[in-house]
Amino acid sequence: MRAEHLLWLAILTLVAFLPEGVFAKDAEWHRYENGYFIAYSDASAKKTRSILEGLEKFRVAASQAANVRVPESAAKTEVLIFDSRKDYFAISPGKNTSAFALSGLGQFRIVMRASGQSDTDLQTVRHEYTHVLLGHLSFRYPKWYDEGFAELVSTIRFIKKDSQFVMGEPPLGVLYSRGDGFDWNRLVAEGWNNETMHSGKVNDAYMQSWLLTHYAMIGKEFENYEKFLQYLRAWVSGEPPLSAFEQAFGMDANSLWKNELKSYSRNVVALVYDFESEELDLDFTRSVADSGYVRSVIDEISANVIRVR
């Protein structure tokens, strides 16, 4: 998960529920559902469907990139969409957010304003949802790749009337991080742990994970991908992470930064993929929502978000 949003995702045990009357009493909530999402919205059907179709397109593209399929038995992602800025900010983590995600107790939720989403917040939501998708795989990747891949797909952009998508463009966090702020060998050898998350350089670690994932998946016109697969095979067999990395890439991660990644970071390319649109499920049914249930969801979200004012 993204470090800058850890506060959003933390579970509180003692937070008062929002008082009755905070939300517009006249708001009419509707329920939307397809095979992968269940949404509750008091915004117009047009606004709501536009948001949900965007999420569904991303689900398909990210699933295509990760080669993962969501099982029919999987819990559907719940989405809460507020038309009112006031109502959204009453439960949002902070005044500068337009969307956020949180998980717990086996449920993943996305909370959004009906309009005005920032690119940063949308990339964060996409990043977190990618972790949900990767969770359906029986295989578990090294943590640096897990975080790096989530960053990689968070910037997916659709082109040519959604017949194709672009993957590999830098996430916004690249602008605010150093290429070697976090020790590369430590990133590969230790992955992500509590010390990493509280190191003060965790944003650098995210962006370095993105760069290394980009290099491993896309670099040198996919020539590096075979090296990455060699690394994974050694890692799965029990080889120490850094030793497995050195065997596959011919040098340790710090040396790779100095000899190749530094120059690669200045010339990263994005690739265009044909979009497998036949996987889309845009048949969102719409019905009047159970107001009591919506109220309970709002209260639960309120109890699970730390607010930064």
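Which residue forms a salt bridge with Glu 169? In this predicted model, the partner of Glu 169 is Arg 157, and the closest N and O atoms of the pair lie 2.6 Å apart.

The protein has 309 residues, 50% of which count as buried. Its secondary structure consists of 12 helices and 9 strands. Among contacts with a separation of 6 or more, 73% are made by residues 24 or more positions apart. The accessible surface amounts to about 14,700 Å², and carbon and sulfur atoms contribute 51% of that area.

Salt bridges were examined across the model. Side chains of opposite charge can pair when their charged atoms come close. The count comes to 16 salt bridges, and the pair of Glu 169 and Arg 157 is one of the salt bridges described here. Another joins Lys 143 to Glu 147, with 3.4 Å between the closest N and O atoms. Both residues lie in helix H5 (residues 143-154); because they are 4 residues apart in that helix, about one helical turn separates them. The two ends of this salt bridge fall into separate accessibility classes. Lys 143 is partly exposed, at 35% relative accessibility, while Glu 147 is buried, at 1%. The value for Glu 147 falls under the 20% limit for a buried residue.

A further salt bridge is made by the side chains of Asp 180 and Arg 178, with an N to O distance of 3.1 Å. Asp 180 has a relative accessible area of 35% and counts as partly exposed. Arg 178 reaches 52%, and because the limit for an exposed residue is over 50%, Arg 178 counts as exposed. Salt bridges also occur as a network, in which Arg 31, Glu 33 and Lys 76 are linked.

Helix packing was examined for H8 and H9. Helix H8 spans residues 202-217 and helix H9 spans residues 223-236; their axes are 6 Å apart and meet at an angle of about 110°. Because angles of 65 to 115 degrees count as roughly perpendicular, H8 and H9 are roughly perpendicular to each other. On the H8 side, the contact involves Tyr 215, Ala 216 and Met 217. On the H9 side, Asn 224, Tyr 225 and Phe 228 take part. The residues of this contact comprise 5 nonpolar and 1 polar, with no charged residue.

Ser 243 was considered separately. This residue is found in helix H10, which covers residues 241-249. Its relative accessibility is 26%, so Ser 243 counts as partly exposed. The C-alpha atom of Ser 243 is separated by 9.8 Å from that of Val 188, although the two residues are 55 positions apart along the chain.

Definitions and conventions. Residues numbered from 1 in each chain as written. Predicted model: local features only at pLDDT ≥ 70, side-chain atom pairs only at ≥ 80, totals over all residues. Heavy atoms only, no water. Salt bridge = Lys/Arg side-chain N within 4 Å of Asp/Glu carboxyl O. Buried < 20%, exposed > 50% of the residue type's maximum accessible area, 1.4 Å probe, protein only. Axes fitted to C-alpha atoms, helices over the stretch in contact; angles between N-to-C directions. Parallel < 35°, antiparallel > 145°, perpendicular 65-115°, else oblique. Contact = heavy atoms within 4.5 Å. Nonpolar A, V, L, I, M, F, W, Y, C, P; charged D, E, K, R; others polar. Areas by Shrake-Rupley, 256 points an atom, 1.4 Å probe, with all protein chains shown as cover.
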